[in-house]
Amino acid sequence: MNEEFVEESMGIILSAGDARNCCKTVLDCIAEAKFEEAESELEKAQRFILEAHQKHTDMLQREGNGEKIEYSLLFAHAQDTMMTVNSEIILTKQLLKIGKSYDLRMKKLEDLLSHRE
């Protein structure tokens, strides 16, 4: 495998890893009801995973254009990492929705209870 291909594969892994780190931060923010910060980190995660997808697509297009690319365990790992993190982002988005909804419901309930006293 040529050095450029190794660098591109590592770029996918690193971008996906950055997205994963953002997802972890989003989950920590959800646990602390810091929803604006969570949304900001989720946007960063989406930018990182988009970057990984773009690198991946570029590599696939090169092969589609006739460039001979040998099988690489590193590239397979990069694809696997990227798709796993993409799934994590999807789940994190849903957890953020659930957290915000739960928080809103709790605030309404607290408001209702405070008016009864």
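Student: Happy to start with contacts: among those between residues at least 6 apart in sequence, what share joins residues at least 24 apart?
Tutor: Take a contact to be heavy atoms within 4.5 Å. Among contacts between residues at least 6 apart in sequence, the share that joins residues at least 24 apart is 82%.

Student: Before we go on, how should I read the numbering and the values?
Tutor: This is a predicted model, in which local features need pLDDT of at least 70, side-chain atom pairs count only at pLDDT 80 or more, and totals for chains, interfaces and linings use all residues. Residues are numbered from 1 along each chain as its sequence is written, and side-chain values use heavy atoms, with hydrogens and water left out.

Student: Which elements make up the chain, and in what order do they run?
Tutor: Helices (H or I, at least four residues) and strands (E, at least two) are DSSP runs, numbered from the N terminus. The chain has three helices and zero strands. From the N terminus on, the order is α-α-α.

Student: Is the chain a compact globule or more spread out?
Tutor: The globule rule is 2.2 Å times the number of residues to the power 0.38, and the radius of gyration is taken over C-alpha atoms. For 117 residues the rule gives 13 Å, whereas the radius of gyration is 20 Å, so the chain is more spread out than a compact globule. Along the principal axes, the C-alpha trace spans about 75 × 20 × 20 Å.

Student: How far apart are the end C-alpha atoms of helix 3?
Tutor: The expected span of a helix is 1.5 Å times one less than its number of residues. Helix 3 has 44 residues, so it should span 64 Å. The distance between its end C-alpha atoms agrees: 64 Å.

Student: Which helices do the buried residues of helix 3 pack against?
Tutor: Buried means under 20% relative accessible area, exposed over 50%, and partly exposed in between (1.4 Å probe, protein chains only). The buried residues of helix 3 include Phe 75, Met 82, Ile 89, Leu 96 and Asp 103. Their packing partners are helix 1 (3–31) and helix 2 (35–64).

Student: Which residues does Ile 13 contact, leaving aside neighbours within four places in sequence?
Tutor: Ile 13 sits in helix 1 and counts as buried because its relative accessible area is 14%. Its C-alpha atom is separated by 6.8 Å from that of Met 82, 69 residues apart along the chain. With neighbours within four places left aside, the contacts of Ile 13 are Leu 74, His 77 and Ala 78.

Student: And which residues does Gly 99 touch, not counting those up to four places away?
Tutor: Gly 99 belongs to helix 3 and is buried, at a relative accessible area of 14%. Between the C-alpha atoms of Gly 99 and Glu 32, 67 residues apart along the chain, the separation is 9.8 Å. Not counting residues up to four places away, Gly 99 touches Ile 30 and Phe 35.

Student: Let's turn to charges: how many residues apart are Glu 4 and Arg 62?
Tutor: A salt bridge is a side-chain nitrogen of Lys or Arg within 4 Å of a carboxyl oxygen of Asp or Glu, and the whole structure holds ten of them. One joins Glu 4 and Arg 62 at 3.7 Å, N to O. This pair links distant parts of the chain, Glu 4 in helix 1 and Arg 62 in helix 2, with a separation in residues of 58.

Student: Is Glu 41, the salt-bridge partner of Lys 44, buried or exposed?
Tutor: The two side chains meet at 3.0 Å, N to O. Lys 44 and Glu 41 are three residues apart in helix 2, so about one helical turn separates them. Lys 44 is partly exposed at 29% relative accessible area, while Glu 41, at 13%, is buried.

Student: Last one: which residues make the nonpolar surface patch of about 460 Å²?
Tutor: Patches are made of residues with over 30% relative accessible area and no salt bridge; like charges are joined within 9 Å, nonpolar side chains (Val, Leu, Ile, Met, Phe, Trp, Tyr) within 5 Å. Accessible areas come from the Shrake-Rupley method with a 1.4 Å probe, and for residues only the protein chains shown count as cover. One member lies in helix 3 (residues 73–116) and is exposed, since Tyr 102 has a relative accessible area of 52%. The patch is made by Tyr 102, Met 106, Leu 109, Leu 112 and Leu 113.
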